[in-house]
Amino acid sequence: MARHEAEPSAPSGDSPMHIAFAASECVPFIKTGGLADVIGALPKELVRQGHRVTVYLPAFRPVAAQLGGKRTVLAGSLTIPFAGYNRFVMAVDGGSRDGVQYVFLDCPALFDRTGIYGDVGGDYPDNWERFALFSRAVLEASKQLGVPDIYHAHDWQAALLPVYLRTVYAQDPALERAGTVFTVHNAGYQGWFSPETTERLLLPWDVYRMDRLEHYDTVNFLKGGLVYADALTTVSRRYAEEIQTPEFGYGLEGTFQQRAADLLGILNGVDYDQWDPSHDRYIAAHYGPESLGRKAECRRDLLHAFGAPDLPEQTPVLGIVSRFATQKGFDLLAAIADRLAQRRLFLVALGTGEPYYENLLRSLAERYPDRFAVRVQYDNTLAHKIEAGSDIFLMPSRYEPCGLNQIYSLRYGTVPVVRATGGLDDTVSETPDPREGTGFKFHDYTPEDFLLAIDRALAAFADRDAWQALMANGMRKDYSWKQPATEYAALYDTVARKRS
Ligand code: ADP
Ligand code: GLC
C-alpha cells in the first residue's frame, strides 16, 4: 500500500466499513495459539462481505523476517511518548492478501527479540511498554494511513488502544468518530503490571481506580479494554456467561457483569481453506464424508511420523494438539494415565509450553512407549497430520473460551472428547445414541469423569457403523466464518452508528 492509497476506497455491500484490527498474532505471520488463526481468517471473510480491513501487528522478529530485504515504509517515525523519553515506531507495509491490508509496527528495541512474549527467563519485564507502545502506535499509524470506522482490539496485548483513545486522545478531532470493539480470547491472561505503569505510560492518574485499570494493586491491561471499549465480545456464547462467574472470570467477573449489556459471545469460525481434509496440503490422503476409507492412509502416515508401528484398525489412535498449559487439563490426563495404559489405544500428543507439563508428557511416553508418544515442539504440519490421522481427539480443558482444535477435529472425522466448558460445550454434542451426536463430553472437572467419557468413546468406536455415523455428523457441520463475520459486522455497525 502506498501512502496515497490510504484513503478509504468504496467497497460494495450494504454498509461497508473500514475496520482496523490490532492484535499480537496472525496466521501466516506469527502464531502461538488460536488467536492467530482468528486474526488470520476473520478479516478475509469481512473483506469478502464488502468491508475494508487493515490488520496491525507488532513487527516481532519472525514477522519482520518475512519481508526479507524488501521494506516499504508507510510512516517513517511515529512518536510514542513515555515518561521522560520518546520511542519511534516505523509502520511497514506487510502486503495485502485476499484483500486484507497488513501493517507491521516496528520498534526493534522492543520487538526484535528471540521470543514473542518472553523467553526462557519468563515473560519480558517490559511487556507493559512493548504492548502499550503497540496499541498507541496503531492509533498514530492509522491517523496517517486511514482512520477506520472501528478499531477492533484483541486480548490484553491490544487492550490499551481503547484506553488511549478515550483518555489522552479524547480531544483528537481525527479520531472522535472512531468506535472500538474489544474481544477477549482468554480471560486467564490479563497483563498485570506495577502501579507506576500508568505514570510511565503518561496515562491520566485517574485511570488507576478500582472501576478502571486498577486491580488488586496492579495495573490490569485487560480490565482497561473491558472498561473503555464501546462493545465487548468473547469467542463463544457459553464463555460469555462463564466469565461473569468467579470460576472463570479470573477476578474480573465483576467487571464482566457490569458490562454484560455490551458483551456478546460470538463463536469463532474456522478457516476451511486451511483446515479441511478434502484439500489439506499437509496430509497423506484427501477424504470427506463419502470417502472415509482414505482416512486410514492418514492414520498410517501419522503413526509413521511418530515413529510408531502400524496398528490394527481396532486400536483407536487418540490425538492431542495443545499449548501445554494449566488451562488445557493435563493434570486430568496425568491422573488417568495408568488406567488409560490398560486400554487398547495409542495416544499421540503434540505441544509446547510449561516445562512441568512438557516433562509430564515426556515421562508418560517413556513409561508406556507402546501406548503414548509425545512431541514437544511447535509443528504445524504435524498438527494437521494429527487432526487427519487420529480417530479420537482429546480436549479436557479446565476452561476453553472457544477452542479451535475440536472444530477442526469435527471436520476431519476425528471424534472429539471434551470437557463441557466454553466453546467446547457450544460445538460438541453428545447424545444417548452416539449415531446422533458429534462427540463425547464430561461436565465435572475430575479424572473419573474424563475417563468415563473416553470409555464411552472407546465403546462407540468398537461399533463401526455407529462410529461412521458419528464421524459423518461432525464432518457435515459448518463452522465457517460466514455467520460469525456477519455478526461482527452487525456489531461494528451498531457501534459506528452510536458514534456518528
Ligand atoms: P489456544 O488458542 O488456547 O491455544 P485453540 O484451540 O483456540 O487454543 O487454538 C490452538 C491453535 O494452535 C490450533 O490451531 C492448534 O493447531 C495450534 N497449536 C497449538 N499447539 C501447537 C503445536 N505444538 N504445534 C502446532 N500447532 C499448534
Ligand atoms: C484463546 C483461547 C481459545 C480460543 C482462541 C481463539 O487462545 O484459549 O479457546 O479458541 O483464543 O479465540
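This is a predicted model: local features need pLDDT of at least 70, side-chain atom pairs count only at pLDDT 80 or more; totals for chains, interfaces and linings use all residues.
Student: How many residues are around ligand 2, and which of them come nearest?
Tutor: The shell holds six nonpolar, six polar and two charged residues when sorted by class, and its largest share, three residues, is drawn from α1. There are 14 residues around ligand 2, and those that come nearest are His-185, Asn-268, Glu-400, Cys-402 and Gly-403.

Student: How far is an oxygen atom of ligand 2 from a backbone N or O atom of Gly-403, and how much of the ligand's accessible area does the protein cover?
Tutor: Along the backbone, a polar atom of Pro-401 is 3.5 Å from an oxygen atom of ligand 2, and a backbone N or O atom of Cys-402 lies 3.0 Å from an oxygen atom of this ligand. For Gly-403, the separation between a backbone N or O atom and an oxygen atom of ligand 2 is 2.8 Å. Of the 310 Å² of accessible area that ligand 2 has on its own, the protein covers 94%.

Student: Which residues are the closest to ligand 1, and which element gives the most to the shell around ligand 1?
Tutor: Ligand 1 is surrounded by 22 residues, of which Lys-31, Gly-34, Arg-323, Lys-328 and Gln-377 are the closest. By class, this shell divides into seven nonpolar, nine polar and six charged residues, and at least three residues come from each of domain 1 (18–269 + 482–499) and domain 2 (292–475). With three residues, the element that gives the most to the shell around ligand 1 is β15.

Student: How many aromatic pairs does the count give, and why is the pair of Phe-82 and Tyr-85 stacked?
Tutor: The count comes to 22 aromatic pairs. For Phe-82 and Tyr-85 the ring centres are 5.2 Å apart, and because planes under 30 degrees apart count as stacked, the angle that decides the matter is 10 degrees.

Student: Where do Tyr-117 and Phe-131 sit in the chain, and what kind of pair do their rings form?
Tutor: Tyr-117 is in the loop between α3 (108–111) and β6 (118–119), whereas Phe-131 is in helix α4 (residues 127–145), so that the pair, 14 residues apart, links distant parts of the chain. Tyr-117 is buried with a relative accessible area of 18%, and Phe-131 is buried with a relative accessible area of 0%. Their ring centres are 6.0 Å apart and their planes stand at 45 degrees, so the pair is tilted.

Student: Which residues form one aromatic cluster with Tyr-117 and Phe-131?
Tutor: One of the members, Phe-221, is also among the buried residues of α7. Besides Tyr-117 and Phe-131, the cluster is formed by Phe-60, Phe-111, Trp-156, Phe-193 and Phe-221.

Student: How many residues of helix α7 are buried, and which backbone nitrogen does a side-chain oxygen of Asn-220 reach?
Tutor: Helix α7 (residues 221–228) is mostly covered, with seven of its eight residues buried. At the start of α7, a side-chain oxygen of Asn-220 comes to within 3.1 Å of the backbone nitrogen of Leu-222.

Student: Is Arg-497 buried or exposed, and with which side chain does a polar contact of 2.9 Å join its own?
Tutor: Arg-497 has its place in helix α19 (residues 482–499), and because its relative accessible area is 56%, Arg-497 is exposed. Arg-497 and Asp-149 are 348 residues apart in sequence, with their C-alpha atoms 9.7 Å apart in space. The polar contact of 2.9 Å joins the side chain of Arg-497 to that of Asp-493.

Note on methods: Residues are numbered from 1 along each chain as its sequence is written. Chains are lettered from A and ligands numbered from 1 in the order in which they are written. Side-chain values use heavy atoms; hydrogens and water are left out. A residue is near a molecule or strand if one of its heavy atoms lies within 4 Å of it. Helices (H or I, at least four residues) and strands (E, at least two) are DSSP runs, numbered from the N terminus. Ala, Val, Leu, Ile, Met, Phe, Trp, Tyr, Cys and Pro count as nonpolar, Asp, Glu, Lys and Arg as charged, and the others, Gly among them, as polar. Domain bounds come from an automatic or database domain assignment. A polar contact is a pair of N or O atoms within 3.5 Å; within protein, one must be able to donate a hydrogen and the other to accept it, and residues adjacent in sequence count only if both atoms are side-chain atoms. Accessible areas come from the Shrake-Rupley method with a 1.4 Å probe; for residues, only the protein chains shown count as cover. Rings of Phe, Tyr and Trp (its six-membered ring) pair if their centres lie within 6.5 Å; planes under 30 degrees apart count as stacked, over 60 as edge-to-face and the rest as tilted. Buried means under 20% relative accessible area, exposed over 50%, partly exposed in between (1.4 Å probe, protein chains only).
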